[in-house]
Amino acid sequence: MDIVTHGLASLAIARGFFPRAGKLVMATAVAAGIIADVDWFSQYWGPSAFLAWRGTYTHSILAMFFFLVAIPSGPIARYYFVPQNRSADSLQAATRLWAGALSASFCAALLHLAMDACQSNGVALFWPFSTKRFAADWLPGIDPWILTVLIACIALPELLHLVSSEIGAKSKKPRGQTGAIVGLVLVLAYVGARATLHSNVVALMESRTFQGETPRRVSAFPESLLILTWHGVVETESALNEIDVDAASADTFDADSSVRQFKPDPSPALDAARNAVVARRFLATAQIPKASLEKTEAGYVIVLRDLHYAAAGETAHEIAAVIELDPNNKVTSQKLVWARDLRH
C-alpha cells in the first residue's frame, strides 16, 4: 500500500481510538504507521537491493516492535520525562502520554502490516526466523477507494468543525472521532468484500479447463479502479494462461480466451540457470516465475520473470534475473535487472 494511504489510516486510528491524546501522540502514530515503507528507498541502490529489502526487514513483526520502542520513546521521552520540575503530577502525565503514544503506534504499525499482507507483493512477517511472504492478493498496490474513504473521513469532520465554529456551536465529542471510526469500518467492510470476490474468482478459474488442461495453480489480482475486474494467471501442465475475469459475469467466463505463454522444454541449460545464485534469490520471492531461453553464438541466455508484476499492474518495479551460459552450460554471467531495461 502507498505511504499516503498508510499515513491516513494511521491518523484515522489515532483519531478514532485515541482522540484526546493530543497532536504529538497522533504524529507519533502516523510516524509508526509509515516507517516500514523506508524500504522503498532501496530501489535507488538497484534491483538487487530492492529485491532484498522490499517487504522483508522493515515489514517484519520484529522490526515493528523495534520501531515501537524507538519512535514513541524519542520525542515524547525527551520532551516530557526531562522537565525542569520533576513533580509527581508531571511524571504521571508523561507516563500516561507515553502509554497512549505506545498504544496508538502499536495499532498503526500493526495496521500497516495487515494492509500490506492483503496485497500481492507480500511481507515477510516472521523475518529473520522465516523468509516466507504473506500475500492475500485482495488489494491493489494503490487503492483509490480506500484512499477516498480515508480522505473523506478525515477531511469532512474538519469542514464541519469550521462550519460549526462559524455559527458558534460547540461539540463535547473529540473532533473527528466519529468520522475516523466510520471510515475504518467502511475500509474493513470493503476489504472483506474484496476478499470474497477474490475467493469467488479463484474458485471460478479452478473449476474450468484451459485449452483442455486442468489448472495446477491459480492466482487472481485485483484491478485498481474496477472492483469486479480481476486479472487471473492459471498455470497448467504446458503453459501459463493470463485472463481477465469479471466477477459479475461468471456465466459468460470463457477459459479458452486466455493468453497462453508456453513453458520452455526441460533442458540442461535451463537446469543450470535455475541453480545459479541470482536465480535462486529471484525464485525465492517470485510468485509466478516464467523462464525464457534463447540460444546465442556464445551459448544461452535465460531470463526469469515474475508474471505477477504485470497481472497486479506493478511493472514499474518489476525485477528479472538474466543468466548467461556457455555452450557447456556453465554460468558466465548472472545479474538482477529492472525488467523495463530488457525492452531496450
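**View 1. Glu318 and Arg305 meet in a salt bridge, with their closest N and O atoms 3.1 Å apart.** A salt bridge here is a side-chain nitrogen of Lys or Arg within 4 Å of a carboxyl oxygen of Asp or Glu. The two partners come from distant parts of the chain, 13 residues apart: Glu318 lies in the loop between α11 (308–311) and β7, and Arg305 in strand β6. Helices (H or I, at least four residues) and strands (E, at least two) are DSSP runs, numbered from the N terminus. Glu318 counts as buried at 4% relative accessibility, while Arg305, at 26%, counts as partly exposed. Buried means under 20% relative accessible area, exposed over 50%, and partly exposed in between (1.4 Å probe, protein chains only).

A note on all views: this is a predicted model, in which local features need pLDDT of at least 70, side-chain atom pairs count only at pLDDT 80 or more, and totals for chains, interfaces and linings use all residues. Residues are numbered from 1 along each chain as its sequence is written, and side-chain values use heavy atoms, with hydrogens and water left out.

**View 2. Strands β5, β6, β7 and β8 form an open sheet in the order β5-β6-β7-β8, with antiparallel pairing.** At the edges you will find β5 (289–296) and β8 (331–338), each of which pairs on one side only. Two strands pair if DSSP finds at least two bridges between them. From one strand to the next, the twist averages 15 degrees; axes are lines fitted to C-alpha atoms, for helices over the stretch in contact, and angles run from 0 to 180 degrees between N-to-C directions.

**View 3. Strands β6 (residues 299–306) and β7 (residues 319–325) run antiparallel and are joined by five bridges.** To find your way along the pair, look for Tyr300, whose bridge partner in β7 is Leu325.

**View 4. Asp143 and Arg194 form a salt bridge at 3.9 Å, N to O.**

**View 5. Arg217, Glu235 and Lys263 are linked in a network of salt bridges.** Glu235 belongs to strand β2 (residues 229–235) and Arg217 to strand β1 (residues 217–222), 18 residues apart. Arg217 is partly exposed, with a relative accessible area of 37%. The model's salt bridges come to five.
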